[in-house]
Amino acid sequence: MDNADVEAGGDDEFQGRRGRKYRPVVDDDDRAVLEMSSMDPSSSSSSSSHPAQSSLKKIKVSSEENLASNINEGPSASHMQSNGPQTESKLELFGFDSLVNILGLKSMTDEQAAVPSSPRDGETIAITQGIPKITAIKSGTLMGVFVPCLQNILGIIYYIRFSWIVGMAGIADSLLLVTLCGTCTFLTGISLSAIATNGAMKGGGPYYLIGRALGPEVGVSIGLCFFLGNAVAGSLYVLGAVETFLKAVPGAGFFTVTTTVNGMKVQSASLHDLQIYGIIVTILLCFIVFGGVKIINKVAPAFLIPVLLSMLCIYIGIARAKKNDPAEGLTGFSLDTFKDNWNSQYQKTNDAGIPDPDGKVPWDFNAMVGLFFPAVTGIMAGSNRSASLKDTQRSIPIGTLAATLTTTFMYLISVLLFGAIATRHLLLTDRLLSATISWPYPAFIYVGIILSTLGAALQSLTGAPRLLAAIANDDILPVLNYFKVADGSEPHFATLFTAFLCIACVIIGNLDLITPTITMFFLLCYAGVNLSCFLLDLLDAPSWRPRWKFHHWSLSLLGATLCIVIMFLISWAFTVVSLALASLIYYYVSIKGKAGDWGDGFKSAYFQLALRSLRSLGANQVHPKNWYPIPLIFCRPWGKLPENVPCHPKLADFANCMKKKGRGMSIFVSILDGDYPECVEDAKAACKQLDDYIEYKHCEGVAEIVVAPSMSEGFRGIVQTMGLGNLKPNIVVMRYPEIWRRENLTEIPNTFVEIINDCIVANKAVVIVKGLDEWPNEFQRQYGTIDLYWIVRDGGLMLLLSQLLLTKESFESCKIQVFCIAEEDTDAEGLKADVKKFLYDLRMHAEVIVVTMKSWDMLADNGAPQDESVEAYNAAQKRIADYLAEMKSTSKKHGTPLMADGKQVIVNEQQVEKFLYTTLKLNSTILRYSRMAAVVLVSLPPPPVNHPAYFYMEYMDLLVENVPRLLIVRGYRRDVVTLFT
């Protein structure tokens, strides 16, 4: 919650439910609070008329930062003065006013804060508050869930295909068919009950549930398939109503088809009649849908009565049926008929479903599953109406599962009844046997079928556009922006698109070809619901607390498996096509969709997998074969970058060069000088900016900002605490401070030395990049050599870095040269052979060059140093002498030991000269052999103990002098490469 603007007119007070008065108050910074006081019982009558005159109060929620500041500040003095005396709050210490603003306001007024429809951050939430509050009539379990589910489940298939299914599949296979499909929907109902009772639901039905459980990509892909299923289902209901009408009124058909079955002529509806009437009915229904959902809701009860009445007429007719009465082929309840119809009799039929030896449509049990399964769909009807239920947590599980069990039981009884009263010939040829045997007149069934199917078609043409609009409003796919609608508006564009799809399916005109398509889409949706519950149940996150307790991950897994099995039973081709369509949508959403975080189960799975993997790694050192560089990128250690640049642009390029095929993680860290409570907001902004930079540079890593009094203290805290277990950073990467002398930043040498010493103590490797401005990006191809000046044992880190550089396109054309620095009296040939053998065993290809040099005796040097190195050497000598003279003068003046950077130091002038000359020789060697190298790697000398940091900085400056691109590397006390397989 944030600061709020309260717009109120009329009376300033409103009465709560529990005998309290609340007065909206606005302080100086426009923070909306509520002043609570006990209400005198005698004043209730006098104040009861006020709420009716109150205007609506609109509370606009703003940003989190303002909330934080308000909570910290608490009730201000200006607030008290501007609003007069107030009742002193005993909870003032806890920021009581702010807490009321956050939680109490919504609960006291029976309001729920609007949840953003999109997973974007930073959206403004508007809460409209009014007293008295006009609430819509809420439905209970019976009328809100059970009846809608029953009406959607008992549809066209039962009326005009069920008796035909019994005749074709026989009683045994029909019982198996109903049990299989009923078990699938029952298990899905259990999963739906668990997910639906785990929190408030919004529009979108199963799309909302699946999307919030499995993520936006899965939710959108299955949601769009479910939308297609609903749109196609509308055509199914339209064709069912038209076929029933043409059967009841044969003279209304423009075309007639006559088929001979077993010597008897049977008339059936023409495909062209179905198409003509189907298109007309669809257009008429669309006009009704455009009238709005209010009109549909007003006529909805009229569709329920015909369904119940027609079912009653069918069962009465079955009970009254006699031999050949009311139609030839009826036997009444007969055991012989039951036995004759027990086994299946699958055969070919024509397009109208009439048995025909020359028919083109073969039938088997798998095809029966595809035909019958739409008769058990509709279990989502209750969850789609969650906003209009009194108690969502109770009504959805009880109503949905009760409707599923009721309809499954009715189907099982109907299989036995139809199989016992009619011959197989009548079952196969009379597609409307339910109307033929109904009592007292078949017209009742015709009217009931037509009204119920048209009602179901209206529901499909009403629900499908809203599902599409809900997907579009989540702003995941930009291509769906045309179907967005404002809250409370009708989705006209989505309705037109749904009508177009419905008419296209009506033109097909074949009910038996449409039903398998619907079956696939519904089964895919049910599988998504089951998988969602399976994942949430298996992960068992703290937020997973459904009120419906009768669920288990094994049941959800069984339900999902059953859905997939049924899909392949129906048609492997349709299954592959539907899965491919969902996969293509998923891929498109992952590529083109906008990123969002809905707290889905996959994120929880990743989190638990990461924790389990971290525990499995343990605290022991990782084996060299499994060693990965985890660089800690020090973003802004020296000087200042422009305000809009959180990190040196080339640091991410270099970090990518330290990974093989992008594997590994980088930690980009920056230190802000200051006090944490004062700089926390600056740190958050800087972290967001740095994170955007990492994403822009396509570098796999995380951003961290640390606030500390100084850079040294901040880095010391980072190097000790950053990371978890074996996922701690193992290499510290930073830029060489080339600017320290140019900008006279005298504090840098001490900070630089302290950072290197901290890395050594913490056993972290160090890579210092000199010439970072010239570091190539992925499009700048380099030629020449990668030269390694291998001076000390570093666990093979320098060799490994050179191999990682070769895996990048920028350096893949380069060759590696290894320079071994040895004393002059060393056996150069023996050292060269040993290094070659070592590199061969490491599977590394490199040319080995042994360079001999003396460590101290200048007179014994056979080669003169480079002129520029000598100039730098002389300048460094002069600066060191001046600095040492100043230290001695200060020490003599104050009568103290030699001090540098506030610490006592010991200076051995001969050792200083030796160190300086050693770096001169090394720099001279690098310039002699590697002036044209693409990059040079050299070992980092550790800072001498009790040595002035200024001296060490002079050594380093002389080492890197005139080398354009240099990596100074120091390993740590372990091997990162191994000879063994």
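**Buried residues and helix packing**

Author: Asp 273 is buried, with a relative accessible area of 1%. Bear in mind that this is a predicted model.

Reader: Which helix is Asp 273 in?

Author: Asp 273 belongs to helix H11, residues 271-290.

Reader: And what does Asp 273 touch, not counting residues up to four places away in sequence?

Author: Asp 273 touches Val 242, Leu 246, Gly 253, Phe 254, Phe 255 and Gly 278.

Reader: Switching to H10 and H18. At what angle do their axes cross?

Author: Roughly 160°, and the axes come within 8 Å. H10 covers residues 216-248 and H18 covers residues 442-473.

Reader: Roughly parallel or roughly antiparallel?

Author: Angles over 145 degrees count as roughly antiparallel, and H10 and H18 are therefore roughly antiparallel to each other.

Reader: Left-handed or right-handed crossing?

Author: The crossing of H10 and H18 is left-handed. The residues of this contact divide into 21 nonpolar, six polar and one charged.

Reader: Now Val 218, in H10. Buried or exposed?

Author: Val 218 has a relative accessible area of 14%, so it is buried, given that buried means under 20%.

Reader: What are the contacts of Val 218, not counting residues up to four places away in sequence?

Author: Val 218 touches Ile 210, Gly 223, Tyr 586 and Phe 602. Val 218 and Tyr 207 are eleven residues apart in sequence, and their C-alpha atoms are 9.1 Å apart in space.

Reader: On to the cores. How many residues has the largest nonpolar core?

Author: The largest nonpolar core has 139 residues. Those with the most contacts inside it are Phe 162, Val 220, Phe 372, Tyr 411 and Ile 566. Apart from it lies another core, of 64 residues, among them Ala 708, Tyr 789, Val 938 and Phe 951.

Reader: Back to Val 220. What does it touch, not counting residues up to four places away in sequence?

Author: Val 220 touches Tyr 207, Ile 471, Ile 476, Leu 477, Ile 585 and Val 589.

Reader: Where is Ile 585?

Author: Ile 585 sits in helix H22, residues 572-592, and at 14% relative accessibility it counts as buried. Leaving aside neighbours within four places in sequence, Ile 585 is in contact with Val 220, Ser 221, Leu 224 and Cys 225.

Reader: How many residues apart along the chain are Ile 585 and Cys 225?

Author: Ile 585 and Cys 225 are 360 residues apart along the chain, with their C-alpha atoms separated by 9.1 Å.

Technical notes. Residues numbered from 1 in each chain as written. Predicted model: local features only at pLDDT ≥ 70, side-chain atom pairs only at ≥ 80, totals over all residues. Heavy atoms only, no water. Axes fitted to C-alpha atoms, helices over the stretch in contact; angles between N-to-C directions. Helix = DSSP H or I, 4+ residues; strand = E, 2+ residues; numbered from the N terminus. Parallel < 35°, antiparallel > 145°, perpendicular 65-115°, else oblique. Left-handed = near helix turned anticlockwise from the far one by under 90°. Nonpolar A, V, L, I, M, F, W, Y, C, P; charged D, E, K, R; others polar. Core = buried A, V, L, I, M, F, W, Y, C linked by side-chain atoms within 4.5 Å. Buried < 20%, exposed > 50% of the residue type's maximum accessible area, 1.4 Å probe, protein only. Contact = heavy atoms within 4.5 Å.
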